[in-house]
Amino acid sequence: MEGRYDFKRIEPKWQRFWAENGFYSVDEDPYKPKYYNLEMFPYPSGALHMGHVRNYAIGDVVARFKSMKGFNVLHPMGWDAFGLPAENAAIKHGIPPAKWTYANIDNMRQQLKSLGISYDWNREVTTCSPDYYKFTQWLFLQLYHMGLAYKKEAAVNWCPSCATVLANEQVVDGACERCETAVEKKNLEQWFFKITDYAERLLNDLDQLSGWPEKVKTMQRNWIGRSEGCEFSFTVKGSGEKIPVFTTRPDTVFGVTYMVLAPEHPLVNTLVAGTEYEAGVREFVEKVKNLSEQARTATDAEKLGIFTGRYAINPVNGEEVPIWLANYVLMDYGTGAIMAVPAHDQRDFEFAKKYNLEIRVVIQNPENELPLDGSLTEAYVGDGVMVNSGKFNGLSTKEGQSAVIKFMEANKIGRGTVNYRLRDWLISRQRYWGAPIPIVYCDECGIVPVPFEDLPVILPEDVEFRPTGESPLKYVDEFVKTECPGCGKPARRETDTMDTFVCSSWYFMRFASPHVANRPFLKPAVDYWMPVDQYIGGVEHAILHLMYARFFTKVLYDAGMLSCEEPFTNLLTQGMVLKDGAKMSKSKGNVVSPEDTIEKYGADTTRLFILFASPPERDLEWSEQGVEGCHRFLNRVWRLVVDLVKWLEGTNEAGSVLSTGDRDLRYKVHYTIHKVTEDIEKRFNFNTAISAIMELVNAMYQYRDSMGSKMNPQVVKEALDSLILLLAPFAPHIAEELWEGTGHQGSIHQQPWPSWDEAALERSEMEIVIQVNGKVRDRIMVPVDIPREDLEELALTQVKKSIGKKQVVKVITVPRKLVNIVVK
């Protein structure tokens with residue numbers, strides 16, 4: 001072995017060795033337990049950033065560890081390759097999106113290989129490749145034939161800059177999340193997936209996901225937003241039109257003093273047509289419709305409204321109430337209409353105060369102190385007893401809710417129901433670089449799905465982009481003009497493409513059999529590998545991607561294509577990589593290039609730092625000093641191994657009875673094996689695992705320096721082998737080189753993970769830390785079975801000088817760890 005740690009020689013050497021020998025290619029093996037380890041695949045932006053490196057380094061530790069533990073590990077990688085940035089690049093630089101995307105993939109693939117990540121590159125998938133999006137289209141048709149894909153006109157979020165529709169989740173503070181342009185509302189014919197049919201299962205099955213962070217499950221529960229209540233209708237006076245509403249508080253229905261429709265409600269034009277109110281209402285609708293959801297619904301937002309001149313009849317008491325429009329009611333939520341109870345809803349209260357509308361108390365608080373004349377200073381939203389509510393007076397809130405629902409159902413006025421905040425998934429995008437929707441429009445046959453055997457509907461690559469960002473597909477006659485699959489007459493193709501979240505909602509299934517040409521995946525293969533045992537990615541995907549992936553999995557389970565109902569058994573959401581306290585970004589000028597760090601320090605150092613600097617679920621602060629420290633550590637390991645190997649080669653000693661020093665080192669070795677194993681397997685505490693390895697290296701140096709020629713060769717060899725094996729998942733290249741340099745045959749990554757010897761962990765003595773007022777003053781070795789009283793007396797004697805004449809208030813003993821003496 002060389003005396004110098006030359007990572008620039010070592011790392012390419014072992015990367016070539018792994019690639020040439022197909023090291024990480026796996027197949028189904030019924031004789032080994034499987035482990036499907038997956039990091040969220042990246043968008044090919046062109047270059048890896050440190051957030052990517054952290055994600056993939058975490059996943060690689062898990063994959064290598066599980067492989068050494070005897071699992072058949074699937075660890076694939078692919079590319080979430082459709083998306084708007086490729087179109088923006090085409091418009092700005094004149095580069096076709098396909099060319100730009102594939103060039104970026106080539107670059108990022110090479111960067112990943114330079115990190116030594118243990119991917120099975122034979123399973124690589126790329127979502128913009130026809131052999132992949134053929135099956136994205138296939139799955140669209142599957143949902144269509146199951147009645148889960150449909151088209152309707154809807155008010156959508158429209159970004160005028162990107163010239164595309166945005167999902168609600170892609171609108172941040174009223175602006176497009178990509179370009180920050182103010183978002184407008186626009187009515188378009190759109191394709192939707194009926195995710196609401198699965199709302200209850202998506203909610204209930206969260207309880208099965210014990211391996212998910214509770215915060216992620218809470219975010220999903222809130223997004224699904226289940227609420228129990230009742231649905232009933234008000235009747236428009238003079239027309240008989242019905243206005244359905246949903247309420248979670250049927251006990252307050254006698255307190256309705258007005259109704260509110262969303263300005264986008266389809267009944268608005270009918271209500272005001274030909275009346276003196278028409279012009280004012282139309283002006284109000286135009287004013288409100290382009291306001292962001294945040295601007296309309298924020299708690300502190302001004303409540304704006306206008307009277308329609310029409311009235312509705314409350315079905316429980318026959319009262320006529322005025323119908324208003326207001327900015328704080330949205331068409332996207334509920335029915336787009338609400339019954340306004342200003343005494344018991346703060347938004348309704350503020351609106352009623354502003355427009356001088358009646359406020360009627362119908363729930364009296366437990367203290368019986370609410371003024372029944374409506375002279376409230378704020379809405380009372382708590383529980384109480386029903387008043388001003390006819391025959392329901394005197395019922396508690398809970399009793400009243402049940403009684404009113406029963407009354408409505410008995411009189412066929414309404415019914416108890418469950419409502420969800422979750423809305424159907426809008427998948428249409430008015431942009432080019434996405435999977436074409438496999439639908440044809442025929443004047444004779446109407447909407448016609450493309451037959452499965454005619455897939456893929458190929459996305460043409462020779463297109464001309466317009467400066468506006470508008471999709472060029474609609475202007476490509478060769479694409480648009482086609483024949484109807486039903487009647488053979490001229491027809492036109494759908495020119496919308498699918499939301500890229502559709503592509504990423506099933507990619508983890510394709511990895512199970514990525515080369516099959518006639519189906520998205522083979523059932524035996526996907527049933528062997530699925531569900532994913534460990535999924536790793538950013539918490540920013542906690543709602544959308546994970547919700548959609550769960551939806552697809554349940555749909556395909558119902559279709560008999562899968563045997564699991566949840567895609568990911570365990571989920572780790574890693575924190576961000578920060579520099580100078582802020583997320584790395586080009587605009588802040590604080591980006592650290594992985595390529596530069598690998599060039600200067602090597603991949604193993606880069607990986608080691610990013611795993612050591614912070615627990616994976618927390619944010620990590622980049623530190624050049626920390627990187628240098630990890631590089632120095634690997635150099636220390638290298639020098640130690642080289643030195644001890646030379647000593648072993650020059651000694652003829654066979655080993656003898658273990659000395660105290662030998663036993664101490666064996667204890668440290670087996671303690672470290674136990675600690676590292678538990679930290680990886682149970683807690684993902686990679687930082688403390690690496691810290692334990694660093695402490696083992698220190699102990700080995702101390703053993704060498706104190707024992708000299710009296711070192712025990714068997715103890716040295718055991719310590720060396722254990723050290724290198726423990727280091728392997730974190731720093732795979734140097735571990736391979738050291739394993740070879742210590743005379744071993746075969747790759748270290750194909751060795752079994754070391755196990756600890758319980759006998760070596762039994763000690764007659766233990767180290768106890770002595771503190772005074774929480775500050776460490778001494779450390780002492782004591783018998784492991786020392787009585788508590790004797791230990792405390794010994795500790796007091798040991799720090800007698802430190803205490804002086806101070807009074808001992810109490811002595812706190814943590815068994816087998818420390819004694820803290822509190823003085824004043």
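Here are my entries, from the overall picture down to single residues.

**Ground rules**

I am working with a predicted model, in which local features need pLDDT of at least 70 and side-chain atom pairs count only at pLDDT 80 or more, while totals for chains, interfaces and linings use all residues. I number residues from 1 along each chain as its sequence is written, and side-chain values use heavy atoms, with hydrogens and water left out.

**Overall picture**

I looked up the secondary structure and found 26 helices and 34 strands. Helices (H or I, at least four residues) and strands (E, at least two) are DSSP runs, numbered from the N terminus. Along the principal axes, the C-alpha atoms fill a box of roughly 110 × 80 × 50 Å. I then checked burial: 54% of the 824 residues count as buried. My cut-offs are under 20% relative accessible area for buried, over 50% for exposed, and partly exposed in between, with a 1.4 Å probe and protein chains only. For contacts I use heavy atoms within 4.5 Å. Among contacts between residues at least 6 apart in sequence, 72% join residues at least 24 apart.

**Cysteines**

How many disulfides are there by the rule I use? A disulfide here is a pair of cysteine sulfur atoms within 2.5 Å, and the count comes to zero. I looked at C159, which is in no disulfide; its nearest cysteine sulfur, that of C179, is 3.5 Å away. C159 counts as buried because its relative accessibility is 0%. C176 is in no disulfide either, and the nearest cysteine sulfur to C176, that of C179, is 3.8 Å away. At 2% relative accessibility, C176 counts as buried.

I found T335 in the loop between β14 (320-326) and β15 (337-340). Is T335 buried or exposed? T335 has a relative accessible area of 18%, so T335 is buried. The side chain of T335 reaches the backbone oxygen of P244 at 2.7 Å. Leaving aside neighbours within four places in sequence, I list E231, P244, V245, F246 and H265 as the contacts of T335.

**Two helix pairs**

Two packed helices are described by the angle between their axes and the distance between the axes. I take axes as lines fitted to C-alpha atoms, for helices over the stretch in contact, with angles from 0 to 180 degrees between N-to-C directions.

My first entry is helix α18 (residues 594-601) with helix α20 (residues 624-649): their axes come within 11 Å and cross at roughly 35 degrees. T597, K600 and Y601 in α18 meet E624, V627, E628 and H631 in α20. By class, that contact has two nonpolar, two polar and three charged residues. I count Ala, Val, Leu, Ile, Met, Phe, Trp, Tyr, Cys and Pro as nonpolar, Asp, Glu, Lys and Arg as charged, and the others, Gly among them, as polar.

Next, I looked at helix α2 (residues 50-68) and helix α21 (residues 660-683), which pack at about 115 degrees with axes 11 Å apart. V61, F65 and K66 of α2 and T677, I680 and E681 of α21 make the contact. This one has three nonpolar, one polar and two charged residues.

I noted a cis peptide bond between L455 and P456, with omega about 5 degrees. P456 sits in the loop between β22 (446-449) and α13 (477-480). The bond from M530 to P531 is also cis, with omega near 0 degrees, and P531 lies in the loop between α16 (523-529) and β26 (532-538).

N356 is not a glycine, yet has a positive phi of about 55 degrees. I place N356 in the loop between α11 (346-355) and β16 (363-364), and N356 is exposed, with a relative accessible area of 71%. F684 has a positive phi near 55 degrees, again in a residue other than glycine. F684 is in the loop between α21 and α22 (686-707) and is buried at 13% relative accessible area.

Technical notes:
A polar contact is a pair of N or O atoms within 3.5 Å; within protein, one must be able to donate a hydrogen and the other to accept it, and residues adjacent in sequence count only if both atoms are side-chain atoms.
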